[in-house]
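Thanks for passing this one along; here are my notes, in the order I would go through them with you. Have a look at the model first, then read on.

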Amino acid sequence: MLSSKTKYRSPEASAFYTAGMILLGIVVLAFLISLFWTPYSPDATDASAKLLAPCIEHPFGTDNFGRDVLSRIMSASKYTIYISAAGVAIALILGTLAGIPAGYFGGYIDKGIMLLGNSIMCFPGILLALVAVAVFGASVTNVIWALGLVFAPTFARVCRVGTMEIKELDYITHARVMGVKPYRIMGFHIFPNLVPQLLPATVIGLANMTLFESGMSYLGLGVQPPDASFGKMLSDSQAYIRVAPWLVIFPALMLVFYILGLYFISEGLRVNLAKGGKR
Amino acid sequence: MTRHIHIVKVHHLTLSFPTRNDPNPKPVLDDVDFGIRDGEILGLIGNSGCGKTMTSLAIAGLLPENAEITSGSIKFAGKNLLEMSPRERRSMLGKDIGMIFQEPSTALDPLMVVGKQLEEVLTAHKENIQTKEERHKTITDMLELVGFTNAEEIMNRYPHQLSGGQRQRVLIAGAALLKPRLLICDEPTSSLDTVTTVSILQLLKELCHNLHITILFISHDLSVVRGFCDRVMVMRDGKIVDRDTASDILSNPRNAFTAELLTNARLDTRIMGFEPIKVDYTKDPVLTATDITAGYGRRLFERGKNKDEKADNKVLHDVSLKVYPNEIVGLIGGSGSGKTTLIRSLLGLLPHSGKVEIKSPRIGVIFQDPVSCLNPAHTIKWHMSEALEASGKANEIKGEGTYKERKAKALARITAVLEICGLGEEHLTRHPNELSGGQRQRVAIAMCLIQDPSLIIADEPFSSLDASSSAELLKLMTDINREQHTAFLIITHNIHIVRQIAPRVIVMSNGKICEEGTTSEVLTNPQSEATSKLLDAERQIHVILPVQN
Amino acid sequence: MKSNIIKSAIAALAFGLMFTSFAGCTRKPGNVDSNAVVGITQEPGIFDPHTVVAAGDREIIFNVYEGLYKYDSKGNLNPCLATDVAISDDASVYTFTIREGVKFHDGSDFDAADVVYSLKRAAGLLEGQDGVALVGELDSIKDVKATDDGKVEVTLEAGNTELLSYFTTGIIPENYDNCQTAPVGTGPFKFESYNPGQSVILVKNDNYWQKGLPYLDKVTFKVCADMDAGLTELATGSIDIFPYLTTDRANQLDKNKYNILSNGSNMVQIFALNNAVEPLNDLKVRQAINYAISRKDVISVTMDGAGVELTTAMSPAMGSYYDTSLDGTFNQDIEKAKALLAEAGYENGFNITCTVPSSYLIHVNTAVELASELKAVGINMEIKQVDWATWLDTVYTGRQYETTVIALTSDYAPYDVLERYQSASSGNFINYKNDKVDELMAKIPTISDTKQKTELYHQVLKLLTDDACSVYLQDPATITAVSTRLEGYNVYPMYVQDMSQVKPVTK
Amino acid sequence: MQGKTGYFVGKLIELVVTLFLVSLLVFIAFSIIPGDTARVMLGPDATEAQVNLLRQQLGLDKPLVVRYFTWLFGILTFNPGTSYAYNMSVGELIAQRLPVTLGMSVFAMLMVIAISYPLAVLSARKPGRLGDQICSVIGHVLFAIPPYVASLLMILLASSMFRLITVGTYVKPSDDFLAYVVCLLLPSFAVALPKIAMSFKFLRSSIIEQRASDYVRTSKSHGLSDLKILIRHVLPNSNVSSITIISIILSDILGGSLIVEQVFNLPGLGRLLLAAISRRDFPLLSGIVFYLAFITVLLYFLSDIAAAITDPRIRLK
């Protein structure tokens with residue numbers, strides 16, 4: 001299913017991929033460049049260059065500390081990408097570890113795991129993440145763990161439902177009759193077949209996680225200053241929205257590019273999965 | 001009304017699906033020209049994608065929006081349908097032309113009780129002025145006509161509370177409610193079991209005669225058509241390639257393609273000559289099952305549901321059977337007789353009471369569906385080595401030596417087994433989706449073989465394969481039986497196959513074994529009602545249905 | 001047909017959105033009646049004059065309760081409910097003469113018994129209080145009793161000439177214990193209602209003892225989420241007075257509608273260095289940090305220049321107690337800072353953490369600016385934001401931190417400002433220890449000569465600066481926007497909103 | 001209708017068990033928050049004796065289990081204790097703030113339905129047409145804009161382009177209901193925007209899917225008009241599949257409101273929550289979190305029930 005020969009792309013999916021890759025590419029490029037070079041140090045304040053409108057020296061202007069917005073956006077993309085990637089990794093691992101056994105064994109194991117997952121999902125996600133960060137203190141690591149935990153049930157669900165479907169298929173029954181051990185069935189027989197479903201879920205998870213992270217940073221419970229993050233930049237600039245709209249516009253654009261890029265890619269994956277399945 | 005000999009006349013119809021990239025694609029229907037005579041049952045046969053469904057949709061006026069009729073005309077009772085307004089055409093549906101479709105399970109709105117859906121047929125046609133009571137009467141009458149004795153009750157049921165056959169009857173009732181002159185049946189029986197198929201065909205025949213409804217019957221299965229239709233047309237690639245009366249076309253096909261279809265419908269022609277081998281019944285059986293009772297448990301809060309179904313949810317009742325070494329046993333039974341549950345119990349996949357003794361470390365199993373029998377994520381080689389590892393005999397085969405040597409030995413064994421099953425080395429690196437259905441079933445058998453089982457259970461292995469693949473598979477199974485001395489328990493609904501290769505047969509019905517004995521005896525002289533029913537249905541498919549008046 | 005419905009639905013929605021916009025404009029506070037709305041950024045919580053902690057609460061109840069003495073907007077301590085005080089020579093007995101003819105909001109008369117009850121309650125001398133003072137500073141009161149001639153005599157455990165400023169604590173009716181839900185005082189305004197998250201409403205006290213005051217009928221303290229929300233509300237005209245602005249925000253306001261008042265706040269914003277941890281226990285390091293930063297830039301970034309640079313522990317607003325000779329001690333000098341660091345053995349700099357309370361934007365911003373400046377001398381400062389509760393826990397009481405930024409507020413009394421630098425003081429969260437300072441601080445309360453006292457204060461300040469015990473940054477200005485329809489608003493050098501003098505402009 | 005009661009009872013038990021677990025999670029979470037509540041309340045200058053006294057008064061010296069059950073009992077009787085910070089009943093505090101958050105959520109939900117539903121129906125009529133594609137693209141973009149960013153952009157647009165000041169002040173519904181609705185419109189719209197896109201996308205594909213289903217073909221062959229098929233068959237069926245989505249949307253909207261309140265300076269639960277967090281107000285915080293979760297659980301429960309009522313397959317298995 002994953003071999004290149006069988007990869008099928010509908011034109012619709014291709015359009016989504018292209019658009020998504022371009023948007024995502026902008027953010028990722030900014031991130032990659034920021035690893036080696038930013039026009040100014042993103043944290044360097046300059047009291048003599050406060051709130052400059054976009055100009056040649058500062059293409060995106062400067063903020064109320066006189067920091068270069070372009071440099072800050074570039075370095076903010078780092079946290080956005082890092083937090084969403086690490087958070088999704090945690091959610092994915094936890095979700096898979098919980099979801100596949102739940103779907104495979106069913107019964108009380110399933111009931112227990114799902115009850116826990118459901119009670120986590122009972123909280124509006126952002127609320128849970130906020131409270132978790134409030135409990136353990138605001139830091140990038142805590143945000144990642146909080147988001148990972150909040151999102152884990154989503155992945156667990158995908159895995160569980162997928163596993164429940166797959167385990168009814170003949171090849172799993174066959175494997176059981178052949179005497180393959182359950183852990184091997186789950187890990188080597190079921191998991192590879194979940195990948196096509198997990199892939200769009202992962203991409204959309206990245207986007208949703210970024211939504212949450214930026215929201216939390218906006219409330220001051222995410223990335224901590226002086227480190228730049230889109231959410232924090234937006235909340236800091238709200239006061240200057242009338243006098244320095246560029247402080248709002250550029251981070252907002254980058255944030256939307258990233259999320260939208262991911263949505264497009266996941267949409268492409270989803271369309272492909274649906275079309276591929278129907279073939 | 002003037003009577004036309006042809007109620008429908010399709011005149012040189014050409015239809016295609018133009019797209020922006022390809023404004024002149026290959027037509028789906030190419031110069032199709034035929035007529036349906038008033039009162040007849042016309043069969044339209046062809047493989048999937050040959051255009052038979054498009055023909056019916058064109059007549060009904062339900063073509064997809066992107067379809068374009070480039071030339072030709074369709075006349076219904078003398079009026080050219082293609083010149084009518086959409087509104088006029090719609091008003092003909094249900095009133096003049098009725099339709100039933102293949103999949104009765106999804107063809108009814110799951111949210112609406114059956115009676116209401118039938119009532120919509122009546123209310124949709126404004127000229128049909130009836131009071132509520134009259135409508136109710138019309139519907140109950142029709143439901144009784146299609147064979148329901150409890151019409152009132154059926155009306156208040158939701159589709160999911162009906163069986164497949166019942167749903168198809170409801171759909172027929174809906175299509176026939178306004179007594180249309182033409183009834184288009186698009187594969188109405190292909191998802192039903194043999195016994196139900198026979199009863200539905202019987203019903204359609206009765207409708208044709210009693211209500212004087214003309215039927216256009218579409219199917220891919222010649223055997224169904226044979227006793228049922230008056231005339232048959234064969235379609236291929238959008239063209240009608242052959243047409244004749246039903247008896248002539250089937251007994252004496254003039255067209256090569258028709259002949260091919262015919263052979264596919266008759267598996268028996270190819271599997272002659274497999275001589276069953278002798279079995280020593282004094283040996284210890286490889287499989288002994290005693291008093292197996294099993295069923296599907298209920299969830300906690302489902303208790304008290306479906307009170308009419310009683311508390312007993314057991315599917316199997318005290319089933320005992322034995323399979324001797326080197327034997328091929330056939331297990332037959334209608335759908336819902338408990339075959340599958342029995343197998344799952346034997347394989348230890350279902351909790352059950354009773355005892356299952358197996359005289360070998362492994363039993364192999366192959367399943368019905370060649371699509372899902374292999375893991376799409378892995379290569380054939382992976383499948384084989386996984387089976388080898390799981391058998392617990394991997395080390396024995398690999399022997400001592402370096403990792404490379406051991407790997408080479410394992411590979412040698414894998415290739416050897418694959419070869420037995422008629423698969424070459426080139427298949428090792430392929431993924432399942434690069435193989436045909438028959439090849440996949442072979443891989444499944446190879447996976448069983450590599451584990452060296454004394455018994456292979458095959459659950460309807462032929463039902464999804466075409467005739468030639470089935471025949472090859474059968475040959476492979478008998479070969480293995482002969483050469484590897486592996487016993488087979490073959491579950492099937494195809495009595496022909498059992499007759500050919502299984503010396504012993506077990507018949508199941510209602511979760512019990514109702515008959516057991518040598519195949520020739522059981523099939524020629526059935527002792528139980530279930531067996532005779534199965535045999536009847538099988539026979540009826542192949543003979544002209546008598547019309548009961 | 002269907003699309004029409006949708007069109008009209010969209011039109012209705014658009015209209016609704018516009019309506020919202022205009023609604024903002026139409027809702028102006030009443031122009032004719034004499035009401036005023038004051039924007040506050042802290043959620044009020046405690047209205048008991050003796051348990052009140054937060055500055056945000058103090059500034060409201062300043063209008064409700066009055067003490068024996070009361071500050072005016074110049075920072076002078078004036079008699080209020082007392083007409084006079086006599087302090088014994090050793091400063092251990094304070095005798096207050098009680099004002100007559102004053103009535104509480106509930107109509108009862110104010111007398112010496114009320115004063116005794118209130119002071120005892122504040123000092124924890126009532127039965128069942130187990131001697132736990134509600135107002136910590138009054139803990140040293142040994143006894144309070146009414147004398148026969150209607151005076152109130154307060155006896156202290158030890159002489160203290162500095163205690164008078166604490167007798168500003170509110171006086172409540174005798175045996176009244178319901179100050180939280182129904183505050184009753186003698187102040188110019190009566191407490192009307194509190195809607196959490198929204199507002200506190202005060203109404204005019206018609207029987208106020210100062211005749212003619214107050215002018216306003218009703219004062220609403222309206223809660224705004226933060227400074228920026230308040231700014232928006234100012235712009236929409238839904239509040240009249242808003243303190244604690246920054247210059248650039250104030251500049252966004254319409255000059256015809258708002259007067260901008262600016263004043264020192266008597267706050268000391270400090271970049272606190274924990275003197276007990278490495279490498280900050282090294283004087284040279286602390287001096288280097290002092291030289292490394294530019295107070296001007298800090299003020300520019302955080303207050304848009306509206307602040308007074310500080311080099312010592314006291315605000316210039318304290319008048320003569322402030323030692324002007326210390327000005328300019330630590331002008332920015334990167335080279336000197338680097339040299340000092342090298343001397344201390346940190347030529348490659350070091351890493352340090354700054355724990356700041358996230359709820360105070362100004363301190364967070366200051367930390368950001370400081371981190372940027374310290375980088376120039378090789379000090380990498382990581383900023384760790386914590387909520388107020390955690391800050392109090394770990395930094396202020398736990399003293400588990402390296403550096404922090406905070407503003408030290410105090411009553412308008414020099415002793416109150418410097419009290420925390422005694423090594424044993426509970427407020428000494430920077431772990432400063434200088435025996436000389438301890439000695440001087442112990443001596444000051446026993447001295448009643450103002451000049452001598454001032455001299456001693458100057459000595460303490462000098463020691464603090466010499467020891468570079470921390471980095472004193474600025475006295476941030478209090479910038480208040482007041483609607484031009486009001487007059488008489490006075491900015492205090494402390495956290496209070498005195499509404500008693502405010503009146504509508506009469507045309 | 002056999003089995004209906006059993007299904008509902010089962011769901012009800014599930015609800016109770018979930019709520020119990022939720023309450024346990026909430027309580028445990030808040031019991032391990034660092035920071036001494038009593039110390040926080042009294043401020044830095046309080047003496048140890050004062051702190052201990054308060055700790056006793058608040059019952060913080062009792063064992064955890066006792067505190068849990070006291071708390072659980074209180075919260076279930078809608079009397080979850082007294083807020084440390086406000087010195088008021090938590091129930092009262094939440095009740096005061098609820099009109100903002102709940103009002104915003106309700107308005108946002110109404111907007112989601114009122115906008116996405118007709119658009120989806122129209123869009124799904126002719127999938128692939130220009131109008132449909134424009135709607136879909138706009139939908140995707142809106143989907144990607146966080147509500148608070150949308151709020152900021154709205155404020156920016158309104159204030160700098162149209163010279164309008166958009167942030168009105170909050171008016172209590174009891175004072176002036178119309179003004180209350182008006183002041184919540186813009187924030188609600190900001191919260192609703194991405195969800196409109198989400199629900200549009202889902203409804204559209206669900207309608208397209210239903211229109212392609214077999215029973216629609218059957219109905220067509222019965223001679224039913226397109227409109228009738230849409231109203232009687234397609235929409236009810238797509239509604240069934242939308243019910244779960246709608247409950248998810250509602251829970252998202254609730255969460256989104258918490259942030260958007262902050263942007264528009266509305267005195268809602270979000271602000272109360274942040275205040276409670278920073279002031280270590282345990283009773284208040286746990287009250288807010290529990291009741292918000294309670295509302296969400298209830299929504300899921302109601303959506304299950306609604307699905308069961310509309311879909312006989314769930315109800316009568």
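1. Helix α1(B) is mostly covered, with seven of its nine residues buried. Those buried residues are Lys52(B), Met54(B), Thr55(B), Ser56(B), Ala58(B), Ile59(B) and Ala60(B). Please keep in mind that this is a predicted model.

2. What comes after the helix? α1(B) is followed by Gly61(B), and the phi of Gly61(B) is positive, near 80°.

3. Now for the sheet. In chain B, four strands form an open sheet in the order β2-β1-β4-β5, and their pairing is antiparallel. Its edge strands are β2 (29–37) and β5 (79–80) of chain B, each of which pairs on one side only. Helix α1 of chain B, residues 52–60, packs on this sheet and touches β1 (6–16), β2 and β4 of chain B. The direction of the helix makes about 115° with that of β1(B).

4. How many bridges join β4 of chain B to β5(B)? There are two, between strands that run antiparallel, with β4 of chain B covering residues 68–76. If you want a residue pair to look up, Lys75(B) has Asn80(B) in β5(B) as its bridge partner.

5. Stepping back to the whole of chain B, you will find 19 helices and 19 strands. The chain has 549 residues, for which a compact globule would have a radius of gyration near 24 Å; chain B has 27 Å, which agrees. Its C-alpha atoms fill a box of roughly 85 × 55 × 45 Å along the principal axes. Buried residues make up 46% of chain B. Of the contacts in chain B with a separation of 6 or more, 73% are between residues 24 or more positions apart.

6. On domains, the assignment for chain B gives domain 1 as 6–96 + 180–265, domain 2 as 107–179 and domain 3 as 366–453. Taken over C-alpha atoms, the centres of domain 1 and domain 3 of chain B are separated by 45 Å.

7. Which elements make up chain A? The C-alpha atoms of chain A fill a box of roughly 75 × 45 × 30 Å along the principal axes. Of the 279 residues in chain A, 61% are buried. Residues 24 or more positions apart account for 72% of the chain A contacts with a separation of 6 or more.

How values were computed
Residues numbered from 1 in each chain as written. Chains lettered and ligands numbered in written order. Predicted model: local features only at pLDDT ≥ 70, side-chain atom pairs only at ≥ 80, totals over all residues. Pairing = 2+ DSSP bridges. Contact = placed C-beta atoms within 7 Å. Axes fitted to C-alpha atoms, helices over the stretch in contact; angles between N-to-C directions. Rg over C-alpha atoms; globule rule 2.2 N^0.38 Å. Buried ≥ 20, exposed ≤ 12 C-beta atoms within 10 Å, placed from the backbone. Domains from an automatic or database assignment.
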